[in-house]
Amino acid sequence: MKPIERLSRQRLRSAAVVLPFLGAFLLLPPFLPLFTARVQVAGLPLIVVYIFGVWAILIALAWWLARRLGGSSEGEPPA
């Protein structure tokens, strides 16, 4: 494996570790009141759009990271 590929793979692993913490932070109760205004987005309350939007983005990012990290290289033990 080339040094650049190894660095890129390490960054992807780091991002995979940080992703759950980012999700937890974005859904923490002190952060949620910012979106409790009586605003409607497509007929839905803003808080509902925010929660499901964050949830969908976290799933998409996890899927993308899993796809990028899925192929194991030769000489590297499986994660």
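**Entry 1: aromatic rings**

I kept in mind that this is a predicted model. I started with the rings and found five aromatic pairs in the structure. I looked up Phe31 and Phe35 and got ring centres 6.1 Å apart with the planes at 65°. Edge-to-face needs planes over 60 degrees apart, so I wrote this pair down as edge-to-face. I also checked how open Phe31 is: its relative accessible area is 24%, so I call Phe31 partly exposed.

Next I took Phe52 and Trp55. Their ring centres are 6.0 Å apart and the planes stand at 90°, so this pair is edge-to-face as well. Where do Phe52 and Trp55 sit along their helix? They are three residues apart in helix α2, which covers residues 46-70, so about one helical turn separates them. Phe52 has a relative accessibility of 51%, and I noted Phe52 as exposed; the cut-off for that is over 50%.

I then followed the ring pairs along and found that they link Phe25, Phe31, Phe35 and Tyr50 into a cluster.

**Entry 2: the nonpolar core**

Tyr50 turned up again here. I listed the largest nonpolar core and got eight residues: Leu12, Leu19, Leu32, Tyr50, Val54, Leu58, Leu65 and Leu69. Which helix gives the most to this core? That is α2, with five residues. Helix α1 (3-26) and α2 each supply at least two.

Setting aside its neighbours within four places in sequence, I found Leu58 in contact with Leu19 and Gly23. Leu19 is itself one of the core residues.

**Entry 3: Ala42**

I went to the loop between β1 (40-41) and β2 (44-45), where Ala42 is found. I looked up its phi and got a value near 55°, which is positive in a residue other than glycine. Is Ala42 buried or exposed? I have it as exposed, with a relative accessible area of 78%.

**Entry 4: Arg9**

Last stop was Arg9, which lies in helix α1. What does the Arg9 side chain reach? I traced it to the backbone oxygen of Leu69, at 3.1 Å.

Note on methods. Residues numbered from 1 in each chain as written. Predicted model: local features only at pLDDT ≥ 70, side-chain atom pairs only at ≥ 80, totals over all residues. Heavy atoms only, no water. Phe/Tyr/Trp six-rings, centres within 6.5 Å; stacked < 30°, edge-to-face > 60°. Buried < 20%, exposed > 50% of the residue type's maximum accessible area, 1.4 Å probe, protein only. Helix = DSSP H or I, 4+ residues; strand = E, 2+ residues; numbered from the N terminus. Core = buried A, V, L, I, M, F, W, Y, C linked by side-chain atoms within 4.5 Å. Contact = heavy atoms within 4.5 Å. Polar contact = N/O pair within 3.5 Å; in protein donor to acceptor, adjacent residues only side chain to side chain.
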